[in-house]
Amino acid sequence: MKRVMAAALMTVLLFVLGACAKEPEKPIVLESVTLSTSVPDPPRMMRYVFSADGTVKYYDLTDFWLDHNGFDWLAEELPPEAPKLVREGRLTEGGWERIAAAVQGSRFMSLPEELEPIDACDIDTRYIAVRADGGVHQSGGYGAGWKDDRENRRYAEVQKVLWECIETAVLK
């Protein structure tokens, strides 16, 4: 009788554990990651584009952004009249792999497009756009990464790696 009860209990336990287990997120093939940031005081608009080939490009869109009300600064393609590339360079060895690991590890592709904003004044607005597997997923918002909730912490994981890669990249 004890064996039957133990087997029944083990079956129920395995069923419950199996139902609660999360299916791992399928691996994604990253093509590029874009970090766009607007800073209110003094007003600045910056964009960094990281590519799978290990390049990083920096665009300063401040003047264009201030002169063109309604400019969609989050659009993947910049308007032809927007400022061109300011600096370009290479990520340090392992930089792209760190970015890919952060995107995958944080489950970035399942973050909402707009994160819950932080209750603060004069803070950055940030968005990260990930081009992967032929599509683009974007997430961010006002004070993205600052609020202490699960989604903002996941966003902050990727953002931290991107800023570290910017600091160590060789930009010319």
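Threonine 55 stands opposite arginine 90 in S4, and the two strands concerned, S3 (residues 55–60) and S4 (residues 87–90), pair in the antiparallel sense over 4 bridges. Two strands are said to pair if DSSP finds at least two bridges between them, while the strands themselves (E, at least two residues) and the helices (H or I, at least four residues) are DSSP runs numbered from the N terminus. This is a predicted model, in which local features need pLDDT of at least 70 and side-chain atom pairs count only at pLDDT 80 or more, whereas totals for chains, interfaces and linings use all residues. Residues are numbered from 1 along each chain as its sequence is written, and side-chain values use heavy atoms, with hydrogens and water left out.

Arginine 90 also stands opposite valine 170 in S7, and 2 bridges join S4 to S7, which run antiparallel. In general, strands of a sheet pair through backbone hydrogen bonds, either parallel or antiparallel. Here 7 strands form an open sheet in the order S6-S5-S1-S2-S3-S4-S7, with antiparallel pairing. The edge strands, each of which pairs on one side only, are S6 and S7 (170–171). The pairings described by their bridges are set out here.

| Strands | Sense | Bridges |
|---|---|---|
| S5 and S6 | antiparallel | 8 bridges |
| S3 and S4 | antiparallel | 4 bridges |
| S4 and S7 | antiparallel | 2 bridges |

Which elements give two or more residues to the lining of the largest pocket? The largest pocket is lined by 19 residues, of which Thr34, Arg47, Val49, Glu76 and Glu77 lie nearest its centre, and the elements in question are S1 (30–40), S2 (43–51), S5 (125–132) and S6 (135–142). S5 gives the most, with 5 residues. A pocket is an open set of points on a 1 Å grid over the protein atoms alone, where a 1.4 Å probe fits, with protein on both sides within 12 Å along at least five of seven lines, and lining residues have an atom within 4 Å of a point.

The structure holds 3 aromatic pairs. In one of them, the rings of phenylalanine 108 and tyrosine 155 have their centres 6.5 Å apart and their planes at 35 degrees, so the pair is tilted. Phenylalanine 108 lies in the loop between H3 and S5 and tyrosine 155 in helix H4, so the pair ties together parts that are 47 residues apart in sequence. Rings of Phe, Tyr and Trp (its six-membered ring) pair if their centres lie within 6.5 Å, and planes under 30 degrees apart count as stacked, over 60 as edge-to-face and the rest as tilted.
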